[in-house]
Amino acid sequence: MKLTTFASAIALAAGLALPAAAQQTVTWWDFFAGGDGVRMKALINQFNEEHPDIQIQGTTLEWGVPFYTKIRTSAAVGQGPDLMTYHLSRMPLALSEGVLTPITPEDLETAGLSEGDFFETALQAAKGPDGTLYAVPFDIHSIVLYYNKSYLEGTRFLDAEGNLTGIESVADFEEAMQAAAENGSETPVTYATGDDGGVYRVFYTLLSQQGGILISEDGEVLPGDSTEKAVKAIEIMTKWHNEGWQPEQALYEASVALFTSGKSAFQLNGVWEVPTMKDLHESGKLGFEWGAVEVPKLMDTQTTWADSHAWAIPIQGQTEMDPEKRDAVMQVIGWMEKNAIQWADAGHIPAYRPVAESDEFKQMQPNATYSSLADDATYDPRSEVAGVASPSYDAAQNIISPAIHGYMTPEEAVEQVKSELQSRMR
Amino acid sequence: MAMIRNRTRHGLVALSLVLPFVAIFALVFAYPLFEVVRMSFTDAPLIGGGEWVGLDNYKRLFADKLFYRSLQNNGYFVLLTVVPTTVIALTIALAVNRLSGRMQALALVLFFTPYVLPVSVVTQIWAWMLDFQFGVLQPVIEFVTGKPVPVFKNPFWVMPSVAVVTIWWTNGFNVLLFLAGLRNIPTELYEAAQLDGATRAQLFRRVTWPLLWPVTALVLTLQLILQLKIFDQIYLLSEGGPFNSSYVLLLMVYREAFQLNNGGYAAAISLVLFLLIVVISVLQFQILRIGGKRK
């Protein structure tokens, strides 16, 4: 009697559990806040609505060191997510940590994707040295030059249609800043001068535009004449500080606020602030006309720092992920890639070419204006001490930022960066 | 016979009383300590095993400029906090001790409240107050120095600023210890001394100070250990910058272990820090005890 009740209870439980087992829950971690985060959450909700059998459970963690620290520790003991966003600039560190599982050709097939669908630079950045794919690139993002038209009216820097023009060297850019200052702009160019990301991206762009190399393939920091080029880059940033053209010790939020509140004529910041600008403009709170262009050729070559967000599947401790769950995860990735046009709305350039080359994207503004940067972008060096939340970013905050504020000379700063990064390499 | 049985029982009872402590101690202290020592001789990542590399980690550590810089900063921070916080706590305790009843309770609450706050709240409060663009304390700094100072971004201001925040945060506990010590001094001693015509200064120097010495020694030692372990405030306020002028040993451990995945090297640094704290605090406590006895 008792046994039969027990057995029927099990049967009942199993019967109830059956549909639940068919439904896959994908645990998802990302680091998108602000305008990015809103668009990513909209994508997740849409996916969940369209797929009753796969449910994404998303969590947003803090960008940078906190995110990557948590990934490493949790994945190693099998408490990590099933799917996460990852910066391709961090790929060398990820490989040395061993937290990523390879994405096989079968995986890509499940997702309905193939390697040929992606921009070559992004695809290469997603591969290990042996050519194994460890992540699926999602976008290419970079810094762009935002401008506030009201400060440039009447100068030679606006063309007949009101678009930025005539900046072809540092001297031109400085002339434009001078003009903006005379028109009442408090800090003509704003970027996060007191934060790691802001300083690093501007420095790396100026260095790359001179053809300088931060870390060579054999692990030398600022090899050859790259040292002088790095000094030159810091000298330019220091000059902007001394002239009062850039804000002092601005943290990220403050640096954005300087532009959105109309105090700065220019902003050097990531494409991810495009939605902030769009939303403010649409709600009529902005109070000025704005535009965004690829960072002009200030030095010798046309290039900009760039990075990619990508999808990656972490290891699950000692165990393997259930194949059915892995298929579900790959379906999520495939769907996201094909709907990347909504992500482009957050300012990014899709890494998935069918979307990036679609008419819809070509008509999207201001993305279409700066999308050419995808072709001549310079990614972070392939090194374990480079990339988001790495010693390179720390050095930008710890050494370069104090230098541009006058606490040491550019030469001293470059020497310190060299010895700091060299000592972090093993 | 009964004697023997009693003795065995005695032993068993003793063992059963000691065993829980020994077991917990072994589990949460002795075993991890052994593991840290073992790990410091390997090239292990943060999680998982590694290869035995002998003394490599230590050789690397003693050749690492950042290690000496951090050591120096740790020393500087100890100088900035340990004696000042003790002096301030003693002064406050003496003042509070003169109050009575509700007033004393109120004063104690006021001084103790910061200690109750979590470190992240404390650092948020001070980061806002000292914010370069909007901080309420910037006009004060501007009045003294002539211009606002981004204190956590300035190599000269960063350590003293962190020290001020730390003293403000932890001082209440020391006040409490001193107050307990003051209450333990019998009032007859003061009465007798006053009858003999002792002045206030003499009362402090001849009665309060020597009898309070054990508490002072305790506060100094506790503070020394605590301040050598400085991490949270630095991590939350300055992240070791600018150009490593607030880099400390525990931050180095954190960066190596969690950011760079060098578990073995991080273990070596933390072991060196551990030994440093043990040696310095034992040494200091002994010196203070001898100093106390001589009086």
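How many residues does the contact take from chain B, and how many from chain A? Select both sides: 19 residues come from chain B and 22 residues from chain A, where contact means C-beta atoms, placed from the backbone, within 7 Å.

Before moving on, some ground rules. This is a predicted model, in which local features need pLDDT of at least 70 and side-chain atom pairs count only at pLDDT 80 or more, while totals for chains, interfaces and linings use all residues. Residues are numbered from 1 along each chain as its sequence is written, with chains lettered from A and ligands numbered from 1 in the order in which they are written.

Colour by pLDDT, the predictor's confidence in each residue, from 0 to 100. Chain B averages 90, and 97% of its residues reach 70 or more. For the complex, the predictor gives an ipTM of 0.70 and a pTM of 0.80.

Next, go to A:P366, in the loop between α15 (359-362) and α16 (367-370) of chain A; helices here are DSSP runs (H or I, at least four residues), numbered from the N terminus. A cis peptide bond joins A:Q365 to A:P366, with omega about 0°.

Now pick A:Q249, in the loop between α9 (226-242) and α10 (252-260) of chain A. Its phi is positive, about 50°, although A:Q249 is not a glycine.

Last stop: B:N261, between α11 (249-259) and α12 (263-294) of chain B. Here phi is near 65°, again positive in a non-glycine residue. B:N261 counts as buried, with 21 C-beta neighbours inside 10 Å.

Terms used
Contact = placed C-beta atoms within 7 Å. Helix = DSSP H or I, 4+ residues; strand = E, 2+ residues; numbered from the N terminus. Buried ≥ 20, exposed ≤ 12 C-beta atoms within 10 Å, placed from the backbone.
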